[in-house]
Amino acid sequence: MHSNYAKEGKTAAIVAYLSIIGVIIAYFLNNDAKNTFANFHIRQSLGVWITFYLLGALVSIFDSWFISFPFYIFIVILIVYGFITAIREEEKPVPFIGEQFQKWFNFI
């Protein structure tokens, strides 16, 4: 993408991947500008963090490293992938479920 429009929303897009608090901060950073690049990454990161908490609650029931370790690897890969695409100013959805995040969180 590498346009001025993406550069304007880059800070909010990067902040969104730092934590669930980062998603909230990025939302308010982008609230006035309504930058579509930032909105894309805010939706992606919100989906990843919600997935982390929901699947984390499910995985915690089993209390086994054989189940929880692959879960954490999966989430870290999604966060790093999204973070890198935000830095590169690209609008690529995270693997597997990124397209669904765009549909589910279209209110952002």
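**Loop residues and aromatic pairs**

D63 lies in the loop between α3 (36-60) and α4 (65-87). Helices (H or I, at least four residues) are DSSP runs, numbered from the N terminus. The model is predicted: local features need pLDDT of at least 70, side-chain atom pairs count only at pLDDT 80 or more, and totals for chains, interfaces and linings use all residues. Residues are numbered from 1 along each chain as its sequence is written, and side-chain values use heavy atoms, with hydrogens and water left out.

Most residues other than glycine have a negative phi. D63 is not a glycine, yet its phi is positive, at about 50 degrees. D63 counts as exposed, at 72% relative accessibility. Exposed means over 50% relative accessible area, buried under 20%, and partly exposed in between (1.4 Å probe, protein chains only). F96 sits in the loop between α4 and α5 (98-104). F96 also has a positive phi, of about 75 degrees, although it is not a glycine. With 74% relative accessibility, F96 is exposed.

Aromatic rings were examined next. Rings of Phe, Tyr and Trp (its six-membered ring) pair if their centres lie within 6.5 Å; planes under 30 degrees apart count as stacked, over 60 as edge-to-face and the rest as tilted. By this rule there are 11 aromatic pairs. In one of them, Y27 and F28 have ring centres 5.4 Å apart and planes at 75 degrees, so the pair is edge-to-face. Y27 is partly exposed at 34%, and F28 is exposed at 55%. The rings of F101 and F105 have centres 6.1 Å apart and planes at 35 degrees, so this pair is tilted. F101 is buried at 2%, and F105 is buried at 11%. Ring pairs also link W49, F52, Y53, F71 and Y72 into a cluster.

How values were computed:
Helix = DSSP H or I, 4+ residues; strand = E, 2+ residues; numbered from the N terminus.
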